[in-house]
Amino acid sequence: MAPSSLPQTPPSAVVIVLFLLFSTALLCESRLSLDYYSKTCPSFTKIMQDTITNKQITSPTTAAGALRLFFHDCLPNGCDGSILISSTAFNKAERDADINLSLPGDPFDLIVRAKTALELACPNTVSCSDILAVATRDLVTMLGGPYYNVYLGRKDSRVSSASSLEGKLPKPTMSMSQLINLFSSSGFTVQEMVALSGAHTIGFSHCKEFSSNISNDTHYNPRFAQALKQACSGYPNNPTLSVFNDIMTPNKFDNLYYQNLPKGLGLLESDHGLYGDPRTKPFVELYARDQNKFFQDFAKAMQKLSVYGIKTGRRGEIRHRIQLPMKETIFQEINLILKLF
């Protein structure tokens with residue numbers, strides 16, 4: 001048979017094969033797993049555990065701070081480490097948005113320490129967003145809270161903008177309907193919202209977030225209200241003044257936060273709203289009497305939140321440093337585009 005008579009592969013078939021190969025590669029690259037770093041960074045778990053333990057021992061408020069940092073990273077635009085990016089003269093990043101200015105420094109320091117150690121052991125391998133997700137889970141567990149699986153393989157966002165947070169994070173002055181709608185817009189049910197609110201069992205709130213309500217809100221226990229007034233009396237001159245969210249066991253992850261609410265010992269207006277609203281009150285009462293149920297639902301909600309809006313594959317990057325300035329991110333994105341051509 002002459003060469004010219006050999007059967008030819010249709011061009012469309014070649015395109016389809018290439019597309020399938022490319023799609024398969026993307027799928028493999030974007031798949032999350034519990035052992036994502038088992039081969040590429042075998043020391044990942046040990047480095048994380050050592051760094052987290054040392055930081056929490058030296059700075060006991062790190063756990064609550066990390067939980068809040070994780071929440072502020074994930075709920076607005078997904079768990080992509082965008083809250084860790086620094087602002088520049090040309091861009092105001094998420095971490096400098098007004099609602100994030102009160103985020104404590106300890107969890108940022110923890111993530112930087114972990115990232116530095118991991119870069120030395122496994123360069124350009126572990127994402128900042130994975131570090132934050134694992135650190136949050138481990139710190140909750142260290143304080144007595146539930147363990148839950150954290151699937152790994154997230155990529156870090158290349159952009160971070162303070163303006164993108166508008167209306168996407170809860171504020172203590174929001175009504176219960178506003179809070180329910182905010183969580184619902186991100187795919188979370190009322191029960192999941194109440195379970196996640198149990199994070200207030202640890203940590204503290206600044207006086208400026210609730211002091212104006214103490215005299216006007218009749219939900220406060222009178223003696224508690226008086227104590228809060230005294231504790232926050234100097235906050236106009238010292239904006240760092242704060243009070244524990246759970247005055248009974250502030251450094252233990254348990255269900256006393258829910259038990260405090262019927263007694264008028266909630267700190268924020270939104271805390272009182274959880275017990276006062278018929279849509280949320282049944283879940284508050286459930287978790288107040290059954291800590292195991294609270295732990296179970298909190299773990300499920302946190303696992304769901306930890307994969308919300310994540311970036312995988314080529315939609316993100318492995319950031320070399322935690323607080324990468326936006327101008328470097330833009331240059332990297334330009335280089336990525338150029339490589340495609």
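Okay, quick one today. Bear in mind that what we're looking at is a predicted model.

Let's start with the site. The unreviewed UniProt entry carries a "binding site" annotation on Asp-73, Gly-78, Asp-80, Ser-82 and Glu-94. Those positions span 22 residues in sequence, but no two of their C-alpha atoms are more than 12.6 Å apart, so they gather at one spot.

Now two of those residues. Where does Gly-78 sit? In the loop between helix H3, residues 62-77, and helix H4, residues 105-121. Gly-78 is buried, because its relative accessibility is 0% and the cut-off for buried is under 20%. If you skip the neighbours within four places in sequence, Gly-78 touches Asp-73, Tyr-308 and Gly-309.

Ser-82 is also in the loop between H3 and H4. With 1% relative accessible area, Ser-82 counts as buried. Again skipping neighbours within four places, Ser-82 has contacts to Asp-73 and Glu-94, and then to Ser-157, Val-159, Ser-160 and Arg-319.

How do H6 and H7 pack? H6 is residues 176-185, H7 is residues 190-197, and they meet at about 105° with their axes 9 Å apart. That makes H6 and H7 roughly perpendicular to each other. On the H6 side you've got Met-176, Leu-179, Ile-180 and Phe-183, meeting Val-190, Met-193 and Leu-196 from H7. By class, that contact has seven nonpolar residues, no polar ones and no charged ones.

That's me done, thanks.

Methods. Residues numbered from 1 in each chain as written. Predicted model: local features only at pLDDT ≥ 70, side-chain atom pairs only at ≥ 80, totals over all residues. Heavy atoms only, no water. UniProt positions renumbered as here; feature names shortened; annotations may be inferred. Helix = DSSP H or I, 4+ residues; strand = E, 2+ residues; numbered from the N terminus. Buried < 20%, exposed > 50% of the residue type's maximum accessible area, 1.4 Å probe, protein only. Contact = heavy atoms within 4.5 Å. Axes fitted to C-alpha atoms, helices over the stretch in contact; angles between N-to-C directions. Parallel < 35°, antiparallel > 145°, perpendicular 65-115°, else oblique. Nonpolar A, V, L, I, M, F, W, Y, C, P; charged D, E, K, R; others polar.
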